[in-house]
Amino acid sequence: MAEGSDRGPLRAPRGTHDVLWPQSSRWEAVVAGFAELARRWDFGLVLNPMFEESRLFRRGIGDESEVVGKEMYEFEDRGGRMLALRPEGTASVVRSFVEHRPPVPWKAWYVTPAFRYERAAAGRYRQHHQLGVEALGTDDPDLDVEVIALAAAFYAWLGLTRVELIVNSMGCPDCRPAYVEALRAHLDAHAGELCDEHRDRYVQNPLRVLDCKKPECRAATAEAPRLLDSLDEACAAHLARVRAGLDAVGVAHRIETRLVRGFDYYSRTTFEFTGLALEGAQNAVGGGGRYNGLVEQIGGPPTPGIGFGIGIERVLLACDAEGVFPAAPRPPDAFVVDLTGGEAARDLVAELRRAGLGAARAYDGRSLKSQMKQAGRSGAAVALIVGADELAAGTVTLRDLRHGTDQETVPRAAVLDRLRPQTEPPEKDPTP
Ligand code: HAM
């Protein structure tokens, strides 16, 4: 039977989730922090459509990656076009580069939902969200170092300490085919030992077997040839320079010859950040690599590129697991309690907001008790109470909600001046 039903209460579709206040404050902070790092690293924001022509993602035939081959949300629109919800950011960013031909090097960052029809589980969603960068126009290994260092700086800013960086090289179209043949020959000899999934499928994409976590495949590939040993001179030199650069800028990493990424566009440097505090299957908090042939495949001039995607949900799960980067509520500076019909509150919140203060109020002419309860819940530093007496006298009663029940009478015209010094600086600097 198909998933879901047309009965019962409406819920977010399987594999999707809502983010409500105050959890969403972490999303605001995460995006703002990443934007600031992107600025320092000289990346500009790029916005692309959520859907593209399917053929953008389905470039090759046969040797298709998991994500594109099996997990895409595809549909025909009313005009008969085959479209797909973007399963990732890279292909769209590269398509926009090819379409608009900005000068290179072109360094773009993005924040985007990504859609994959995956088996939903903790940390694996059908709509997840990525922060990412793509840098086009140079094969300089120093750029690989910068890109990787940017991601590392982001995790460090969040306060994550248990994130491991693994690095590999996928070689290039000159050196990889010979390696793939050698690996295929090794797997031919061990085919019977592979896991159910890979026993037949290894023929199409032998590299994927290296990434398989099943003990059978692990054992069968323990002695397999390593791509690292088959790199040609230029690819080996590139990797060496990247590694030296990471050491120089203080980004700890480990070579992982089994690292195979889920898209088939990679060449040379590939990398992944593992959240060591997370459950095994969903512990990649980010990953990326070079794709020196992709621009050409999408119809542009030969142009190397490199980038990464960081899963926001995964990163926040890692923060939960490490007990860092909690949701920081941003309470209003003042809560206006009006017992005179609402006009006083209407005017006072407007004035406060014009002055740059955060102001909240109650509605619907609630009782004093109910309004004070809301004021307390809001986390505001002070309540500004306007009753009949205050209205007549042209004053406001200011009650300190954080430190006991002290209150004082303030002339209406002096409220702003009285509040300004009380406003506390934000708890956490929003910039990294
Ligand atoms: P990816 O490894 O498929 O790479 O995804 C990047 C990150 O998105 C993952 O490391 C993970 O944190 C998160 N992620 C992926 N799938 C899910 C999911 N189903 N649920 C939750 N989080 C998920 C890419 O997408 C490439 N475009 C990265 C790249 C950019 N390579 C070069 N440039």
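**Salt bridges and domains in a predicted model**

Aspartate 139 comes out as partly exposed, at 25% relative accessibility (buried means under 20% relative accessible area, exposed over 50%, and partly exposed in between, with a 1.4 Å probe and protein chains only). This is a predicted model, so local features need pLDDT of at least 70 and side-chain atom pairs count only at pLDDT 80 or more, while totals for chains, interfaces and linings use all residues. Residues are numbered from 1 along each chain as its sequence is written, and side-chain values use heavy atoms, leaving out hydrogens and water. In total, the structure has 27 salt bridges (a side-chain nitrogen of Lys or Arg within 4 Å of a carboxyl oxygen of Asp or Glu).

**The pair at aspartate 139**

- Aspartate 139 teams up with arginine 290 in a salt bridge, at 3.3 Å from N to O.
- The two partners sit 151 residues apart and tie together distant parts of the chain: arginine 290 is in strand β10 (residues 284-290), and aspartate 139 is in the loop between β6 (127-136) and α5 (141-158). Helices (H or I, at least four residues) and strands (E, at least two) are DSSP runs, numbered from the N terminus.

**Two other pairs**

- Arginine 208 and aspartate 211 meet through their side chains in a salt bridge, 3.2 Å from N to O.
- That pair lies in helix α8 (residues 206-211), and because the residues are three apart there, about one helical turn separates them.
- Both arginine 208 and aspartate 211 are buried.
- Arginine 226 and aspartate 229 make a salt bridge too, with 3.1 Å between the closest N and O atoms.
- Here aspartate 229 is exposed at 56% relative accessibility, and arginine 226 is partly exposed, with a relative accessible area of 38%.

- Asp139, Asp144, Arg268 and Arg290 all belong to one network, joined by salt bridges that share partners.

**Around glycine 69**

- Helix α3 (residues 66-70) contains glycine 69, which counts as partly exposed at 31% relative accessibility.
- Eleven residues separate glycine 69 from arginine 58 in sequence, and their C-alpha atoms are 7.7 Å apart in space.

**Domains**

- The domain assignment lists domain 1 (24-171 + 253-322) and domain 2 (334-422); such bounds come from an automatic or database domain assignment.
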